Amino acid sequence: MTVPVRDLPLHTPIDGRHRKMLIDGAWCDALSGRIFETRNPATGVVIGTVPLSDSGDIDLAVAAARRAFDGPWSRFKPYERQVLLLKIADLMERHWEEIALSDTTDMGMPIVRTLANKNRVLGMLRFYAGMATSIHGHTIGNSLPGEIVSYTRKEPVGVVGAIIPWNAPTAASIWKIGPALATGCTIVLKPSEEASLTPLLIGALMMEAGVPPGVVNVVTGTGAEAGAPLAAHMDVDKIVFTGSTVTGQNILRASAGNMKRVSLELGGKSPVIVCADADLERAVPIAAMSVFANSGQICIAGSRLFVERPIHDEFVEKVSAYAAKLRIGDGADPETEIGPLISPRQLERVAGFIEDGTRQGARLVTGGTRITEGALGAGNFIAPSVFSGVTDDMRIAREEIFGPVISALPFDTLDEVVRRGNDTPYGLGAGVFTRDLGKAHQLANRLRAGSVWVNTYHAIDPAVPFGGYKMSGYGREGGAEHLDEYLNTKGVWIRTD
């Protein structure tokens with residue numbers, strides 16, 4: 001049974017009730033009737049249930065998106081799409097505290113951070129709104145005989161399947177939905193089963209803003225039962241995915257059936273390079289939070305900390321002291337700086353890396369302990385961890401941990417640290433701390449990463465492209481390049497003589 005969107009009130013994610021998914025402008029359960037629980041990772045308490053969809057539900061959502069793309073949505077003018085995006089931004093701004101609380105309760109990010117994401121998320125929507133009216137082709141002079149006019153058109157790619165992770169549900173949702181609406185595409189959004197409530201809330205806001213039925217669909221379920229059928233669907237024109245490299249490779253294989261367009265933002269093992277001439281007092285908190293923000297559950301986490309040897313011991317000591325003072329707690333507490341990991345499974349994974357680091361000879365300077373007692377005992381908490389004595393071949397220095405773990409490694413020369421920094425299958429981000437402008441430019445040019453931050457980290461703006469090199473994926477989110485990912489270029493030839 002489906003329920004019209006207008007009859008579904010907006011809600012906070014803490015009441016434990018069942019939510020339905022959004023297909024063709026109506027709220028519905030899975031065809032199978034199956035559901036699954038979502039839990040607050042800070043407390044282990046069930047905060048809601050959602051439909052457990054499968055390929056049949058994906059078929060319905062894709063069909064709805066196709067009808068919308070071929071129907072009234074195709075007649076929306078750029079200005080009308082711009083007005084709609086601005087209305088969505090205004091509506092999300094009015095509900096921002098509710099959205100922030102949803103993210104905090106569903107996936108654990110501290111409320112001070114989810115509230116602070118406001119400018120970024122609303123900025124994305126308003127950036128895409130501006131770009132909606134600037135999409136254009138080119139008139140191109142050609143060298144053929146006769147009178148032939150040649151020009152290009154930019155046209156929406158069609159139905160987009162978007163699969164997002166759990167570590168930033170609001171930003172990830174808008175990073176996919178925004179450019180789809182700006183370019184005239186339609187979208188089927190499959191959020192992570194670990195954090196589905198905020199994308200459903202965003203779906204409700206989209207409908208309240210006047211997004212036509214079928215233009216935005218939100219289908220909940222697992223990667224295997226819902227994500228894989230979406231990636232392989234023959235009537236999906238493009239897949240955009242953020243998540244692990246292994247899953248990205250599977251999506252790429254699945255896309256071969258109809259040669260659909262694919263954008264992938266995958267894993268990372270980003271180096272942060274601290275030169276001896278750096279402003280250490282400034283570098284310490286930035287380098288630490290390049291990993292510890294969101295409890296290390298960030299694809300661009302600067303988890304390989306390369307420190308020039310003369311200052312290595314001092315810097316590692318300062319970072320460790322900073323880590324030890326961070327306040328761990330329920331993300332709903334405004335004083336919390338480090339929240340929980342998303343699930344018991346992720347907690348076990350991170351703890352396994354910490355055990356391996358110690359077993360392989362690295363020295364755990366601080367952290368590494370699980371919190372199993374007191375008010376936080378039922379949550380998925382682990383103390384921020386700093387290792388020294390790490391070598392490049394250790395597992396903690398090679399693999400993406402996705403947890404609050406820093407591996408500190410000394411270096412002696414720029415050539416050496418560039419070689420070691422680039423010696424990874426990933427290439428998503430990198431950080432550099434130096435007062436020397438020449439070093440800054442040299443390192444920024446030589447590091448093989450999609451983003452290089454100098455004397456800062458985590459700086460992301462809607463106007464600046466973001467994406468990876470190597471096995472960190474391809475395609476860009478942000479900037480004019482982002483909208484190009486959702487557009488086809490058509491060449492048109494007209495003989496006039």
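## A buried tyrosine and its partner

Tyr128 has a relative accessible area of 0%, so the residue is buried. The cut-off for this class is under 20% relative accessible area. These values belong to a predicted model.

Tyr128 forms an aromatic pair with Phe127. The ring centres of Phe127 and Tyr128 are 5.9 Å apart and the ring planes meet at 65 degrees, so the pair is edge-to-face. Planes over 60 degrees apart fall in that class.

## A stacked pair across the chain

A search of the whole structure gives five aromatic pairs. One of them joins Trp175 and Phe466: the ring centres lie 5.6 Å apart and the planes are at 25 degrees, so this pair is stacked. The cut-off for stacking is under 30 degrees.

Where in the chain do Trp175 and Phe466 sit? Trp175 belongs to helix 6 (residues 169-183), while Phe466 lies in the loop between strand 20 (451-454) and strand 21. The two residues are 291 residues apart, and the pair links distant parts of the chain.

Are Trp175 and Phe466 buried or exposed? Trp175 has 8% relative accessibility and therefore counts as buried. Phe466 is buried as well, with a relative accessible area of 4%.

## Helix 14 and its cover

Helix 14 spans residues 414-422. Seven of its nine residues are buried, so the helix is largely enclosed by the rest of the structure. The buried residues are Leu414, Glu416, Val417, Val418, Arg420, Gly421 and Asn422.

What covers the buried residues of helix 14? The cover includes strand 13 (271-274), strand 14 (304-308) and strand 17 (405-411). Helix 15 (437-446) and strand 21 (469-470) are also among the covering elements.

## The chain as a whole

The chain contains 16 helices and 23 strands. Its radius of gyration is 23 Å, close to the 23 Å that the globule rule gives for 497 residues, so the chain is as compact as a globular protein of that length. Along the principal axes, the C-alpha atoms fill a box of roughly 75 × 65 × 40 Å.

Of the 497 residues, 56% are buried. Take the contacts between residues at least 6 apart in sequence: 74% of these join residues at least 24 apart.

## Surface and charge

The chain exposes about 19,400 Å², and carbon and sulfur atoms supply 54% of this area. There are 49 positive and 55 negative charges in the chain. The mean positions of the positive and negative charges are 3 Å apart.

Technical notes: Residues are numbered from 1 along each chain as its sequence is written. This is a predicted model: local features need pLDDT of at least 70, side-chain atom pairs count only at pLDDT 80 or more; totals for chains, interfaces and linings use all residues. Side-chain values use heavy atoms; hydrogens and water are left out. Helices (H or I, at least four residues) and strands (E, at least two) are DSSP runs, numbered from the N terminus. The radius of gyration is taken over C-alpha atoms; the globule rule is 2.2 Å times the number of residues to the power 0.38. Buried means under 20% relative accessible area, exposed over 50%, partly exposed in between (1.4 Å probe, protein chains only). Contact means heavy atoms within 4.5 Å. Accessible areas come from the Shrake-Rupley method with a 1.4 Å probe; for residues, only the protein chains shown count as cover. Lys and Arg count as positive and Asp and Glu as negative; His and the chain ends are not counted. The place of a charge is taken as NZ of Lys, CZ of Arg, CG of Asp or CD of Glu. Rings of Phe, Tyr and Trp (its six-membered ring) pair if their centres lie within 6.5 Å; planes under 30 degrees apart count as stacked, over 60 as edge-to-face and the rest as tilted.
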